[in-house]
Amino acid sequence: MNGPLVFIGTLLLILLFFALWVVVTSNQLIMKRNRVKQCRSGICVALKQRNDLIPNLVATVKSYTDHENRTLNQIVALRNQANDTTDEARQIETGNRLSALLPRLRLNVEAYPDLKADQHYLSLQATLEEMERQLQAIRRTYNAAVTEYNNYVEMFPSSWVAHRKGHRPEALIEIPDPEQNVPDVKQLFD
């Protein structure tokens, strides 16, 4: 009589451990799948940030260099006009216009002595490099999460639970050919 009770007790204990293992494994699969989704979302956010940031930075650099070039070109043109004309009224008018431009140039130089177009280009380059580093890190994190999830989905015994719960392996990120090329930032300035 003791033998059948021990057998039934052992069988119930095995079934309890099996059920517990199925629940824990199922929860682990859900957790790993959600981590993959989170990493995928992080990549989308970083790409959106980069796509929003680059045109804004380029526009900022272009507007600064355009302003700087316009101001300098206007000053040079007005100075040349003042030197080329013999009409006093025209010289005064040109001088007044030149005087109106000089404070803007002096104000920029005095307020921001290190503010030069090349600094903006260096800043743009540094920002682009930082965005690319962030994207690389997020992609590595995503691929690590996918590998961990895929291992759990494909390796026995967790693959048994994964198959029954509808989990399928996720694809790793492979960098598309256009992104493997070095971006030509000069194109953005055209």
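Buried means under 20% relative accessible area, exposed means over 50%, and partly exposed lies in between, with a 1.4 Å probe and protein chains only. A word on the source: this is a predicted model, where local features need pLDDT of at least 70, side-chain atom pairs count only at pLDDT 80 or more, and totals for chains, interfaces and linings use all residues. Residues are numbered from 1 along each chain as its sequence is written, and side-chain values use heavy atoms, with hydrogens and water left out.

Now the layout. Helices (H or I, at least four residues) and strands (E, at least two) are DSSP runs, numbered from the N terminus.

Next, contacts. A contact means heavy atoms within 4.5 Å. Take the contacts between residues at least 6 apart in sequence: 80% of them join residues at least 24 apart.

On to the core. Which residues make up the largest nonpolar core? There are 12: Val22, Leu29, Val36, Cys39, Ile43, Tyr142, Ala145, Val146, Tyr149, Val153, Val161 and Ala162. Helices α1, α3 and α4 each supply at least two residues of this core. By nonpolar core I mean a set of buried Ala, Val, Leu, Ile, Met, Phe, Trp, Tyr and Cys residues joined through side-chain atoms within 4.5 Å.

Look at Ala162 in that list. Set aside its neighbours within four places in sequence, and Ala162 is in contact with Leu29, Val153 and His167.

That brings us to α4. Ser158, Ser159, Val161 and Ala162 are buried there. Seen down the axis of α4, its buried residues fall within an arc of 160°, so they line one face of the helix. The arc is taken from the directions from the helix axis to the C-beta atoms. What sits on the face turned away from the buried side? The exposed residues His163 and Arg164.

Both ends of this region deserve a look. In the loop between α3 and α4 we find Pro157. The peptide bond from Phe156 to Pro157 is cis, with omega near 10°. Just after α4, Gly166 takes a positive phi of about 80°. For context, most residues other than glycine have a negative phi, and most peptide bonds are trans.

Now charges. Side chains of opposite charge can pair when their charged atoms come close. How many salt bridges does a search of the whole structure find? Three. The cut-off: a side-chain nitrogen of Lys or Arg within 4 Å of a carboxyl oxygen of Asp or Glu.

Lys32 pairs with Glu148, with the closest N and O atoms 2.5 Å apart. This pair links distant parts of the chain: Lys32 is in helix α1 (residues 2–84), Glu148 in helix α3 (residues 117–154), and they are 116 residues apart. Is Lys32 buried or exposed? At 10% relative accessibility, Lys32 counts as buried. Glu148, at 44%, counts as partly exposed.

Glu170 meets Arg40 in a salt bridge, 2.6 Å from N to O. Glu170 lies in the loop between α4 (158–165) and α5 (177–180), and Arg40 in helix α1, so the pair ties together parts that are 130 residues apart in sequence. Both ends are partly exposed: Glu170 has a relative accessible area of 26%, and Arg40 comes in at 33%.

Arg133 bridges to Glu130, with the closest N and O atoms 3.0 Å apart. Being three residues apart in helix α3, the two are separated by about one helical turn. Arg133 is partly exposed at 45%, and Glu130 is partly exposed at 33%.

One further arginine: Arg139, in helix α3. With a relative accessible area of 11%, Arg139 is buried. Arg139 and Leu172 are 33 residues apart in sequence and 9.1 Å apart in space, C-alpha to C-alpha.

Areas come from the Shrake-Rupley method with a 1.4 Å probe; for residues, only the protein chains shown count as cover. Phe7, Ile8, Leu11, Leu12 and Leu15 make a nonpolar surface patch of about 510 Å². Patches are made of residues with over 30% relative accessible area and no salt bridge; like charges are joined within 9 Å, and nonpolar side chains (Val, Leu, Ile, Met, Phe, Trp, Tyr) within 5 Å. Leu12 lies in helix α1 and, at 54% relative accessibility, counts as exposed.
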